[in-house]
Amino acid sequence: MLRRVVITGLGAVSPNGIGLKTFWENTCKGISGIDRIASFDASDLICQIAGEVSQFDPSLYYSKADLKKLPRSVPMAVAATQEALVNAGIDLASFSEEEFEGLGVLIGSGGSGFDYSEKQFKIYFSKQPNKISPYAISNSLVGMLSSEISMYFGFQGRSHVISNGCTSSSDALGYAFNTIRFGQEDWFVSGGVEACVTPAMMHGFERMKVNPMHYNDSPTRGSRPFNRDREGFVLAEGAWTIILEELEHAKARGAEIIAEIIGYGTTCDAYHRVAIMPDGKQSSRALNLAMKDAKLNKDEVDYINFHGTSTLLNDKVETLAVKRTFNSHAMNIASSSTKSMVGHPQGASGALGVAISALSLKNGFMTPTINMENPDPECDMDYVSNVGREDNLNIAISNCISFGSKNSAIVLKKFS
């Protein structure tokens with residue numbers, strides 16, 4: 001018999017709010033964290049806006065000497081993890097050796113060390129190889145992210161990173177979910193982190209023509225999913241950590257339960273390196289697999305947190321995929337794109353979506369899709385436009401679509 005898996009802790013380091021309370025309240029109010037890029041001189045870019053966590057202070061977690069050895073993603077992930085542990089009522093000071101050995105880390109990230117690698121390449125190509133950091137290699141490996149989290153907190157269980165493009169953290173959560181329910185582990189630190197707002201990354205995406213071009217003077221309007229005049233995604237950074245736990249294990253320690261995960265589905269279009277299949281067939285199949293895994297009827301779904309990147313193709317195809325999946329019920333499902341306020345945090349997108357979905361179920365509130373000013377006729381669902389909405393929700397889905405033609409969906413249920 002499969003075991004039940006619940007969410008007992010959340011932590012957030014987001015462009016529109018550091019700390020879970022601030023992040024949730026600002027998202028409910030439709031407050032955007034997108035602004036002009038402040039971390040470097042972006043004057044040579046066409047798109048000069050991003051979702052940066054500009055108020056984050058990494059020195060709260062590491063010394064100045066240690067910060068020189070680490071990419072920006074690590075202290076953000078540590079901060080979100082620390083909050084999630086506290087939120088889950090986990091007291092590491094009272095942990096036994098067995099408990100440290102039993103709590104693992106399974107995080108998703110598209111790259112995690114972009115900023116550090118760029119700096120090291122710059123040093124190398126300026127013909128100063130003797131100044132390259134001895135940590136250049138370790139920080140270029142995406143797997144170091146979970147290692148750093150494990151070392152910071154002393155966790156000696158599994159320590160893995162799923163790097164799968166924009167579905168990375170959705171898949172990390174899916175793997176953690178399956179590992180727990182099949183009885184191999186009792187709990188996990190999971191979620192996602194990304195710190196990809198760097199000069200080279202911005203120029204790379206600019207070459208792909210996937211960023212908005214006309215919102216440098218009105219940054220908060222730049223991410224506008226489902227609008228006829230959307231121009232592309234706004235790159236973002238952030239960390240969202242989620243504590244997943246087997247139900248009886250959570251009950252035994254008196255944990256407060258935020259929501260339950262009941263299904264996971266994943267597919268690949270096998271179509272293109274950076275474009276998604278226009279018919280939405282495989283994205284729909286991932287949703288169907290997640291629904292089948294959750295043993296739900298299609299008319300039971302109340303809310304979907306869309307991937308909703310604000311690109312011309314993604315929003316249209318994702319809407320089509322949902323319609324293919326839910327048929328006439330699709331028009332009864334409320335949905336929203338948190339990226340309208342946060343931007344697109346690449347591999348951390350799934351963790352962002354699951355965190356919002358879990359909080360929506362717990363609080364009976366659907367966060368809005370802001371900037372809904374000129375809806376695309378091909379995007380004609382209920383996107384909770386501009387203003388959040390109270391509702392008694394029972395079932396929610398977090399949906400993700402990635403470069404490399406990957407699709408991932410997680411189904412959550414209000415805990416009862």
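Tyr62, Tyr152, Phe153 and Phe155 make up one aromatic cluster. The model is a predicted one, where local features need pLDDT of at least 70, side-chain atom pairs count only at pLDDT 80 or more, and totals for chains, interfaces and linings use all residues. Residues are numbered from 1 along each chain as its sequence is written, and side-chain values rest on heavy atoms, with hydrogens and water left out.

A pair of aromatic rings is described by how far apart the centres are and by the angle of the planes. Rings of Phe, Tyr and Trp (its six-membered ring) pair up if their centres lie within 6.5 Å; planes under 30 degrees apart count as stacked, over 60 as edge-to-face, and the rest as tilted. By this rule there are 14 aromatic pairs. One of them is Phe56 with Tyr61, which is stacked, at 6.0 Å centre to centre and 15 degrees between the planes. Both Phe56 and Tyr61 are buried (under 20% relative accessible area; exposed is over 50%, partly exposed in between, with a 1.4 Å probe and protein chains only). Tyr152 and Phe153 pair edge-to-face instead, at 4.9 Å centre to centre with 65 degrees between the planes. Tyr152 counts as partly exposed because its relative accessibility is 31%, while Phe153, at 9%, is buried.

Now for the backbone. Most residues other than glycine have a negative phi. Lys209 is not a glycine, yet its phi is positive, about 60 degrees. With a relative accessible area of 71%, Lys209 is exposed. Asn327, also not a glycine, has a positive phi of about 55 degrees.
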